[in-house]
Amino acid sequence: MTAVMEGTDVDMIHEPSSDAVPVPRKDGVCLEVRGVHKRYGALAAVNDVSMSVRAGEFVCVLGPSGCGKTTLLRLIAGLDVPDQGQVYMNGKDVTRVPISRRGIGMVFQSYALFPNLDALANVAFGLRQKKTKRADARKRALELLDLVGLSDCAGKYPAQLSGGQQQRVALARALATEPSMLLLDEPLSALDARIRAEMRREIRALQQRLGIPAVMVTHDQEEALTMADRVVVMNRGKLAQFATPEEIYRLPATTFVAEFVGQMNFFPDWTVTQDGTQVRDGTRMLRLAPRENPLPPGPVTLGIRPEDVRVWRNTLSGDNFLSAQVRSVEFRGIAYHVGMEIPGDFAGRFGPRRLDALLKPNEAVRLGLRPDDAVSIHLPPEALIAFVNTPATDGMPSNG
């Protein structure tokens, strides 16, 4: 068996923790990461990241390949030790405590099942490692297989199971020793789209049913938005934003977050007026939503989601109306994608600007838009996000 799994961390994962106390702090925090750094040579894989997880909370760590999300998960798990910073579990410093003593369950992207053990033996493996009686381990493993809907697959080997079934076995094995926290490293990336959607619902429902806190790494924004209570978005080793899915989407903290999570139209080179309630682009003005503290005058990049853009065939004027010309119309099933171009300013200081809109099918059919059509567009003030043009902050938002 050791030859089969040589070079992996699986045989360390399910041992019981003699130190971990599955009781969160009085403020509900069961995991706290404080200013962790991890370098590999010249590469800063994780750079001064702080975050926390509350009891029963599901947190997704989201970001593109190479952003440091898996390294962060390994630091939380104890598979790696940070160069700086601390990791606390249930109020206790576990920065240098090995994974075998942290009381966690972990699910890998590759499932990491023992190919020469059937599903029942795979689930019971961690229990047998902690010297649980064979009969008790078998009973617990059968209960967990039933919990994940695989009671009829107990005698099957990994090669006889589908990808989704293998992932369920891996999940049951991670839960077998009743860990105080569940860690998942891109557990759904190897599955096809239909099974992936089904599994994310099942994992989330199971996590909520058990009340176990969980941290999951993913590069899939839809997974993060649909599964998580809160989302950590990482970029180049740094934490770009840590907030609820709704806040991440509606109030992205940086232009990177805005572009990575969903689609966003960006309009650089606008200037906030002196009173802080409007922005100017040459001769054009756009009104911003009222806010308690007006924006300071200066350059900003405006952002708006394509689904927030309103389109009319008639020539309209007024606050936040602009003229545009249709360049493309694409049917995408649940919506029509309309690519448009806003003309440059009359003084020639700014060239044409590209603008994308997503229209509901009935609205698109009613408008009957075709390339080269002239239209009026409305950019609602409450949907506009103003990002301060500060390279060091990757465009921090100035609307909240």
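User: What makes E16 and strand E17 (residues 336-342) count as joined?

Analyst: Six bridges join E16 to E17, and the two strands run antiparallel. Pairing needs at least two bridges, so with six bridges E16 and E17 count as a pair. The model is predicted. Within this pair, valine 326 stands opposite methionine 340 of E17.

User: What do E16 and E17 form, and which residue in the turn has a positive phi?

Analyst: E16 and E17 form a hairpin, with four residues between the two strands. Glycine 333 sits in the turn and has a positive phi of about 85°.

User: How do you know that strand E16 (residues 321-331) and strand E19 (residues 374-378) pair?

Analyst: Five bridges link E16 and E19 in the antiparallel sense. The cut-off is at least two bridges, so E16 and E19 are a pair by that rule.

User: Why does strand E11 (residues 265-272) count as paired with strand E12 (residues 278-281)?

Analyst: E11 and E12 run antiparallel and are joined by two bridges. The rule asks for at least two, so this pair meets it. Valine 272 has valine 279 of E12 as its bridge partner.

User: In what order do the five strands of the open sheet come?

Analyst: The order is E13-E12-E11-E14-E20, with antiparallel pairing. From one strand to the next the twist averages 45°.

User: Why are strand E13 (284-287) and strand E20 (385-388) said to stand at the edges?

Analyst: E13 and E20 each have a single partner strand, so one side of each is left without a neighbour in the sheet.

User: What makes helix H2 (residues 69-77) mostly covered?

Analyst: Seven of the nine residues of H2 are buried. The buried ones are Lys69, Thr71, Leu72, Leu73, Leu75, Ile76 and Ala77. Just after H2, glycine 78 takes a positive phi of about 95°.

User: How do you know whether threonine 71 is buried or exposed?

Analyst: Threonine 71, which lies in helix H2, has a relative accessible area of 13%. Buried means under 20%, so threonine 71 is buried. Leaving out residues up to four places away in sequence, threonine 71 touches Lys38, Tyr40, Ala45 and Val46.

User: How many cavities of 30 Å³ or more are there by this rule?

Analyst: The count comes to two. The second largest cavity holds about 30 Å³ of space.

User: Which residues line the second largest cavity?

Analyst: The lining is made by Leu171, Leu175, Leu182, Ile203, Leu206, Gln207, Leu210 and Ile212. Helix H5 (163-175) and helix H6 (193-210) are the elements that give two or more residues to this lining. H6 gives the most, with four residues.

User: How do the residues of that lining divide into nonpolar, polar and charged?

Analyst: Seven are nonpolar, one is polar and none is charged.

User: What share of contacts between residues at least 6 apart in sequence join residues at least 24 apart?

Analyst: In the protein chain, 68% of those contacts do.

Notes. Residues numbered from 1 in each chain as written. Predicted model: local features only at pLDDT ≥ 70, side-chain atom pairs only at ≥ 80, totals over all residues. Heavy atoms only, no water. Axes fitted to C-alpha atoms, helices over the stretch in contact; angles between N-to-C directions. Buried < 20%, exposed > 50% of the residue type's maximum accessible area, 1.4 Å probe, protein only. Contact = heavy atoms within 4.5 Å. 1 Å grid on protein atoms, 1.4 Å probe; cavity = no way out; pocket = protein on both sides within 12 Å on 5 of 7 lines; lining within 4 Å. Points joined across faces, edges and corners; volume = space filled by probe spheres on them. Nonpolar A, V, L, I, M, F, W, Y, C, P; charged D, E, K, R; others polar.
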